[in-house]
Structure formats: C-alpha cells, structure tokens
Amino acid sequence: MMRLMQYPELAQPRALLSFLERCVERGVSAFDHADIYGSGECEAHFGAALKLQPALRQQIQLIGKADIVPATQDRSRWQVKHYNTQAAYLTEAVNGSLKRLGVERLDGFLLHRPDPLLQIDEVARALNDLVGSGKVGWLGVSNAELLHCQTLARELPLRCNQIELSLQAQETVWDGRLHAMESEGLHVLAWSPMGGGRFGANLQQALEEVGAALGATANQVALAWLRKLPGKPVPILGSLRWERIEEALQGAELRLDTQAWFYLAQAARGHEVA
C-alpha cells in the first residue's frame, strides 16, 4: 500500500472499497502497510474505505510496520531520519496504525528496519505485550539480516522476514541467506519482486524469450522465477493497477524448469555460474 495515494482512480473511499472487494473475490487478501507510507495517509484512506463495509475486515489480512522516523517527524533539534524501537514508540505506532485503519487488530506487525540501538529485552516485552493484548496477531521483521532474525527469535516468535528479492536483487539466493531463513522457519515476503519495473535490456529480452516459449508474459515469468526458490517466497506486488494484479494472478500456476531459471538468473547477473 506504499503508493496508494498516487492512484487518482482510488482517491475516493468508495472506489478503493470496490478495488478491495475485487481483490478479495480473486483471492488477494493480504495488504501490506507501514506507518510511514504517505505519512499515515495510506492507512487512513484504507481505513475510510473499510468503514464503508466493516464486514470486509473478516476477509482480509492487515500487515503493519514501524520503527522508521523520517527527518520531518523528528522532534529533536537534529531533525534526522532515524530508527526507534523503544517500547513506548512501538506501542504508540501500533495504536496509531489501528486508529487510522479503524480496526482493533493488526494481523501481523513487522519491525520495519534493523535498529542498531535496539534493546532486545525492551522490544521483546513491548511486542509480546501487543500480541498478548490482542492488538497484534503475529510478529516478523523487515529488511533484516540472518543474525538479526536469529537474535530476536530467541525472545520473539518471528514468522517472516520481508526483504527485497527479485531477479534484480538476488544476492540472498546465492550466499546462503535464503536457505538459512528457511531453516530458521522464517517465511520470506519479497518486496519489489518486479525490480521496480527496471529490468535491464538483457534481462528483459530473456524474460520475453522464456515467456514466448511458455505462452506467458515477461512479468509472469519474473514472478515464476521467485516461486521456484526454496521456501516459496511470497511476492508483495507494488502496483495497484488492476491489469497488473490480474496479470500476476493469471500467471500464478506458471512453473519454470531448472534450465529456464538459471537462464534468467544468468541474464540478470551478467555471467554464467562457476
């Protein structure tokens, strides 16, 4: 939902509600939020749409994230962008998201970025309290390295790690981190699974070649490349244009063989495997 406010066709709550209902009808039921998306406007607009049809809440999953403080929201003299994982801040952030969304519970809540000043005991108490109070269903992290996950998992029941993952950002595929997260029981959520629409010329050509051979679009092939990875990462689509969502849904059953997977990886990396 990061770019929700950038879609004029969804600017009215009624139009957004129709979009959400259409998503649910097609089996798309999880919506990824963060308190900084649109400086809170994305959550508030989403909440205004939900208010028109409260029963829809039972059919969707809401994921929230917090701990990034933009410079414009820093109340100190320094006006610096920073991370804040203090208990009071995280509790306030969750309460703020709940109020803007007009709901009583976030199905999932993620620490948005690894905070070098994070105090594990304090964070664990705060997040466990939020789960115990019913305001949060399950917990996860975002953009975290394996050591962050392992350390926090000693104190918290982490379900997932949301990371950048695509043909354009495939480092975790090769250095063992993806396998390690799977072995730790962490489900991977892949943000920017289409590389922000910035696939290079060689990769775009390879995607189109594979797509032509399989009767699929280049975008469907790029998502199929992700689905073949260990642990079956879940792509978080950034586009809210219905034609993009429908394209992804229509290609959901597409499967790549091993050679096609490596052909695409090679095109993206610029070299063959050793």
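**Ground rules.** I number residues from 1 along each chain as its sequence is written. The model is predicted, so I take local features only at pLDDT of at least 70 and side-chain atom pairs only at pLDDT 80 or more, while totals for chains, interfaces and linings use all residues, and side-chain values use heavy atoms, with hydrogens and water left out.

**Aromatic pairs.** I searched the whole structure and got six aromatic pairs. Rings of Phe, Tyr and Trp (its six-membered ring) pair if their centres lie within 6.5 Å; planes under 30 degrees apart are stacked, over 60 edge-to-face, the rest tilted.

I looked up Trp 174 with Phe 262. This pair is edge-to-face, at 6.2 Å between centres and 70° between planes. Trp 174 is in helix α6 (residues 171-174) and Phe 262 in helix α11 (residues 258-269), so the pair ties together parts 88 residues apart in sequence. Helices here are DSSP runs (H or I, at least four residues), numbered from the N terminus.

Next I checked Trp 261 with Phe 262. They are also edge-to-face, 5.0 Å centre to centre and 75° between the planes.

**Cluster.** Trp 174, Trp 225, Trp 261 and Phe 262 make up one aromatic cluster.

**Exposure.** I used relative accessible area: buried under 20%, exposed over 50%, partly exposed in between (1.4 Å probe, protein chains only). Trp 174 is partly exposed at 34%. Phe 262 is partly exposed at 36%. Trp 261 is buried at 8%.

Technical notes
Helix = DSSP H or I, 4+ residues; strand = E, 2+ residues; numbered from the N terminus.
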